Amino acid sequence: MTLSVALTCVGGQLPAHADPAGSAGPDNADFETGDLSGWQVVAGDAFSVTDATTYWGGAFNKHGTRFLSGFVSKGDDATGEVRSSTFRLDSATMSFLVSGGWNPDRLYVALVRASDGEVLAKQSGMDDEALVRVTWDTSAWRGQDVYLRIVDNATGGWGHINADDFRVTDATKADNGLTFNRLSQQGQPAKAAPGAADYATDPLRPQFHYTPYQGWINDPNGLIQWNGRHQLFSQFYPDAPKWGPMHWAHADSSDGVHWRNLPVALAPPAPASATDASGIFSGSAVDDHGTLTAVYTISTDTGAHPGATPETVGIATSRDGVTFTPYTGNPVIAAPPDGSEAGFRDPYVFRDPSDGLWKLVIGSGHGGHGRAQLYSSKDLRAWTYVGVLAEGDGTTGAMWECPNLFQLGGKWVLLVSADNTDYAYVGTFDGKRFTPEKVSRLDAGPDLYAAQHYRDAGGRDLLIGWMDNWNAKEPTRVDGWAGAQTITRQLFLKPDGTVGSRPIAQADRLHTGAPRTTPAGQVTAPKELARGDALDLRATVDVGRSKASGFTLKLRSSAAEGAELRYDLATHVLTLDTTNAGYGSGGTWSATVLPDQAGRLDLRVLVDRSSLEVFTADGTALTARVYPRYQESDQVTLVPSGGAVQLTQARAWPMGSTWNG
């Protein structure tokens, strides 16, 4: 990494070469001079120009060879401000690259009107170093003289901001001729009751998956069908698109796929200090004689509350399914049992058919091994510790989060979450102890975590998971939101005795028109199967009659980017590759999937604006978030390798919005 810095002026005066009238944009808009020529250092020493290409998490994604960094010269504790030359704004759009910390009040790029100093638009980073393209609608200010301010008034972790490639001319077009997806907080204004049209504005927001309109979500909580409607609660922080003091967001649905926002169900108490992170962590919900009862983790920040127990269990009740009242006797479990030093959270409650008691499974860990602890109760308020329900050997994590215990296909299943993976143990349960017989990953992709099971009125075993993970990049933070939940899935036991899943049948209700159909035939060259950013693709390949060595389904693809779903006919390995899928985290994930007895491989892929959920007929699933850079990245193409692929049929339905209740 090399640095090249030039401080071109000081104080509040414009650089001498600034041309307020008629310039096409700011001087040195791409920092390719290697220094700060054309930019005024207003304050501090945070900013410098660098030609660094990579950081600890990947590439910077800069344009050209250099960019402006608020970190590499002086680190996070440095502060400062730089200002561009003044220029005439003659375009209806302006775009630029931004990264670094998310802190709209202290870290931002601002467009400022020169005549009166009014800030016209602002944009912060996203707590990641990889630069993301932001586009502003500047049509209201055309013909006005403006300048840019880049401000770093933050210190500590993520206390910096980076920028590059400010474009006024051809602001929406990339060098490769493709069109940038238009991202910015400017495009997602705050609304008390957003509708489907508001959710549709963002080109990276999934359209048939639950997301927060603004703010952050992670674990799904309290899944239950109550009074005929599916209830979905989510870990939620409303004030920023990143983790914070946790609330429970709430939505319900008539069919498990169309959601209606409801008021926040649970909120933490008023903070004791500005840094108090106490909150309402994950849990479950049950129907207690007609009363909807939430059972959850009370998380107390011991830094703000010295001497408090960090994690306890509380309950809250609702008669109308909207307003929840915390139990006056909380916490109902006031301290963890011995051997829980790794944590004590995420209670999952069910009625045990063997003795009729309520049972509560809660996540823990001891000695480097994940644990699930077990309690019993007659009334959901007085709980008796039963013992250690199950314990891992260390290969499935040192702390088991979000445990679920339920019956499935004549067996008992214990789901646990650890190390950004959900594991499904299948075995037996005697009322006190779970004995595992098989274990597998619940989803072979990178982006399913903290999944929760519930049984609907028809007896189906259903599941929703957080469609993300703790290591994932979150480029949607530039639009003010982060996190999504999977499609509702139905669980079943696979022929090998492990847990499989598929979308619930009601997902077909999201279809908005007739499918695009590709008839049976040999495919010897790339063949487009569909186009769109929200699709339900179903394709069958006759592996036995194919002469190819393999094939690839290119997903959310264009000439410049795309994910790949590859299948090797000899090894039967199915691989999801997102290394060139746009912004966000990239990688490859694989599972072995055998053709059926007739030699066919059935694939179903739910394609949404920033997600892929792959399902095979045997119940294998691979889920990943993808964030395309370009509007043209909407193609699904079948590409054979080493010969002809025998396609039995492919159909792709356009999918509609989940936001109509």
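**Pockets and cavities**

Modeller: The lining of the second largest pocket comprises 13 nonpolar, four polar and four charged residues. Here Ala, Val, Leu, Ile, Met, Phe, Trp, Tyr, Cys and Pro count as nonpolar, Asp, Glu, Lys and Arg as charged, and the others, Gly among them, as polar. This is a predicted model, in which local features need pLDDT of at least 70 and side-chain atom pairs count only at pLDDT 80 or more, while totals for chains, interfaces and linings use all residues. Residues are numbered from 1 along each chain as its sequence is written, and side-chain values use heavy atoms, with hydrogens and water left out.

Colleague: Which residues lie nearest the centre of the second largest pocket?

Modeller: They are Tyr348, Val349, Phe350, Arg351 and Arg455, out of 21 lining residues. On a 1 Å grid over the protein atoms alone, a pocket is an open set of points with protein on both sides within 12 Å along at least five of seven lines, a cavity is a set where a 1.4 Å probe fits but cannot get out, and lining residues have an atom within 4 Å of a point.

Colleague: What about cavities, how many of 30 Å³ or more are found?

Modeller: The search of the whole structure finds two. Among the residues lining the largest cavity are Asp346, Pro347 and Tyr348.

Colleague: And how is that lining divided by class?

Modeller: The largest cavity is lined by five nonpolar, five polar and one charged residues.

Technical notes
Grid points are joined across faces, edges and corners, and a volume is the space filled by probe spheres set on the points.
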